[in-house]
Amino acid sequence: MPHSRIGGRRGAETRDKLNRAAPRPIGAAPAHAYTDGMITELGHFALILAFLVAVVQMVVPLIGAHKRWPGWMAMAEPAATTQFLLVGFSFAALMYAFITSDFSLSLVVQNSHSAKPMLYKISGTWGNHEGSMLLWVLILALFGAMAAWFGSNLPETLRARVLAVQAAVAVAFYAFIIWTSNPFTRMAVPPFDGQDLNPLLQDPGLAFHPPFLYLGYVGLSICFSFAVAALIEGRVDAAWGRWVRPWTLAAWVFLTIGIGLGSWWAYYELGWGGFWFWDPVENASFMPWLFAAALLHSAIVVEKREALKAWTILLAILAFGFSLIGTFIVRSGVLTSVHAFANDPERGVFILMILVFFTGGALTLFAMRAHSMQAKGVFGVVSRESALVANNILLAVSSFVVFVGTVWPLVAEMLFDRKLSVGPPFFNAAFTPFMLILGLILPLGAMISWKRGKLGRVAKTLLPVFVLAVALGGLAWAMQTGRSLLGPVGVFLGAWLVGGALTDLWTRTGRSRDLSRLARLPRADLGKSTAHAGLGILFLGVAGLIAWEQEDIRVAQVGESFEVAGFTLTLNDVRRVQGPNYVSTMGDITLALDGTVLAELFPEKRNYPVAQMPTTEAAIDYRFMRDVYVVIGDRQENGGWVVRTYIKPLANWIWAGTLIMSLGGLLSLSDRRFRVAAGARKSRDKAAVPAE
Amino acid sequence: MRGRLRSSALAGVLAALMALPAFAVQPDEVLDDPALEARARQISEGLRCLVCRNESIDESNASLARDLRLLVRERLVEGDTNEEAVAYIVERYGEYVLLNPQADGWNWLLWAAGPLMLLTAAGLGAGYLRGRSKAAPQTEAALSPEEEKRLKDLLDDV
């Protein structure tokens, strides 16, 4: 489809302005791609078709399930697949526009530049509001399609209803995209080049952070759909628990990886090595994570003991509800007034309506039907069930605390006319105690028997680990120099969790202490211990940073050596380096310990001329027990350079712990019981035929 | 997460704020007395950079944050206690500057929210557990025989 090229006086002006603002490096490809408009138009068309298919998928199977019309119910499956393919094509078309730098799309103009590295052209597709919303519905449709593909053993009516509810959520978000955030909006006069992606987003860690986060966020939608479908059906049983758990697990694993990536990015990119800031946008992802963790555990009780049914349904609604709240917080900019993603009241109101409709509707349905969920299992107060209830209380209440703290500035301003801030000091004080209690009871709860347990027996098994953990905590207390007590307490809890997880596995080897039995344990049990140990490692990492972090700020001349905590750093040189789309001031620093050179570090300060934004690139010497983290600052009047050095003990353990937790989740997900529940039934039935 | 997803329109605003980037605490700001400096750092961590998004003045690169850091140090050198120095800043810049909200007026609700919710939840949980431990095992079959068979198929299939 031909598009008018820039011409006339206005065009010349635009071109002139853009050329001045964006001197294109020699040899970069010229902006082209005015011939590829057809694909973009098809992508736009596919998006609208996907919306229509979702409407059909929402209405027809729901009526079919109500009237028990098999043909109408059967509609859900092909509709889910078609909808996914259509939105997938639409997303691919948008990505194609970014890759080929099609500056006839205003979204590409605002978020891309022809000289940008290819990875960031691709990640630019979701590095903006409209594109990321398209990724959002793509993942929503993907989960719907997966539920259709793997749900062949679900009761017919339940499957039809799950897919219909999933489609209803999708319809709302398609409408949101098409009417308020259309990524396929054209420019009347396409410029020669774009305005570049926010440089902070031009980073490998952050390129993959949003897709993982959305897989988690949006993955919870399927749990929501299962919950609402079960409420419509009016029944929840053990099989329901087993169907919901793998989806929750998958969403939780993705969310864990996504949050971990974001935190790691903040650590190396923001220039002083913090890893969690209690920012409203961070909290937006953390609240669903806490609820997903709670749901994961309560669904076990439904599956094994047929209790906690109503509560589990409620958690599934809340987990996705908080995903929607998170989306609202990020997109409306209501809490992040200075720099939000899409500071547009119209969009905010639209998402608020979606949020109110789905969460409110589901909760109303819950209030009407919850009483019909009769618990079956009977258990004593000292039991695994009770431990899981405690887990749920701590996770849910701590998530509510984060929520209250996050929205409090808004509440205070609207109701009490006070303009105030709620920052890290509040969250550290109000949230941390819950995690401390959780860490304390976790190893006991993980080992106590179902139905009726004996606390004394478990305590006896865990006593050696407890003593060891207390000793390690005491050692940490003796070694640290009068800082917060949280350091030693964190070391104690970390060791207690890791030791507890190992003890749990050790007891599973039986009397024979035959380690090969571990390999034959159900994967879910291995996954459980792995994830709990990962949490312990995470605690240790945080404790290490709290207790022993050191900082040094100074002006160093080129050629000067200085000591920080026993390390010798030498500033060899500072030079200017030209990157593909930035100019960098790069320091060259040798890190040595006792005369042995450990590493050559190159901290950078970059400036992106197109976006007119500076970024810092810290240089980090990663080691098992500590990171040395170096940042270069400005040139001083005396010719020296500001150099900031941090010694960060156990910093890696934070991300290692996160990764191990996700690995535990994946192990659990690969458990045979889930595969059987999720779809292997067909092949088993086939295999069973000759025997009959 | 923090500030990573800014629209490009706002990047301009940001660029203006960060036109002269200086990295958090600068060497020339550091006080000679280490004890006083440590107190200054501790105070800075609790004060908000007013032009930033959820950053303390200790972390911020903005020039306003630098002004505040210098002001805090000035007050400490003049002999203010930590509380007096913070009060001095709050008087000039308002309650908004405090990252740690005061526990007065309606704010007690914010601080009490966690403990209150925990107590409520623990009470409800305890009630539920008591009920479960005393309940008679349910014997009636809530599922049809066909469904029970299907359920059994699924659960036993390990």
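**A strand between two partners**

Mentor: Strand β9 (residues 626–635) of chain A pairs with β10(A) in the antiparallel sense over 8 bridges, where pairing needs at least two DSSP bridges, and helices (H or I, at least four residues) and strands (E, at least two) are DSSP runs numbered from the N terminus. This is a predicted model, in which local features need pLDDT of at least 70 and side-chain atom pairs count only at pLDDT 80 or more, while totals for chains, interfaces and linings use all residues. Residues are numbered from 1 along each chain as its sequence is written, and chains are lettered from A and ligands numbered from 1 in the order in which they are written.

Strand β10 (residues 641–649) of chain A is largely enclosed by the rest of the structure, because 8 of its 9 residues are buried (20 or more other C-beta atoms, placed from the backbone, within 10 Å of the residue's own; exposed means 12 or fewer, partly exposed in between).

In helix α13 (residues 345–369), the buried residues are A:Arg347, A:Phe350, A:Ile351, A:Phe358 and A:Ala362, and they pack against α8 (156–180), α9 (204–233) and α12 (309–332) of chain A. An α-helix has 3.6 residues a turn, so residues three or four places apart point the same way. The 25 residues of α13(A) should span 36 Å at 1.5 Å a residue, which agrees with its end C-alpha atoms being 35 Å apart (the expected span is 1.5 Å times one less than the number of residues).

Chain B is built from other elements: there are 6 helices and 0 strands in chain B. Of its 158 residues, 30% count as buried. Its helix α4(B) has 12 residues and reaches 17 Å from first C-alpha to last, close to the 16 Å expected, and just after α4(B), B:Gly94 takes a positive phi of about 90°. An unreviewed UniProt entry lists residues 108–129 of chain B as "transmembrane region", and such annotations may be inferred rather than shown by experiment. In the model this stretch is 100% helix and 0% strand, with its end C-alpha atoms 31 Å apart.

Confidence should be read alongside all of this. Chain A averages a pLDDT (the predictor's confidence in each residue, from 0 to 100) of 86, and 90% of its residues score at least 70. Over residues 337–342 of chain A the pLDDT is below 50, although beyond near neighbours in sequence this stretch has 17 contacts in the model, a contact being two residues whose C-beta atoms, placed from the backbone, lie within 7 Å. Chain B averages 78, with the lowest confidence in helix α1 (residues 8–17), at a mean of 37, and the highest in helix α4 (residues 82–93), at 92. Where pLDDT is low, the predicted coordinates should not be read in detail. For the complex, the predictor gives an ipTM of 0.81 and a pTM of 0.87.
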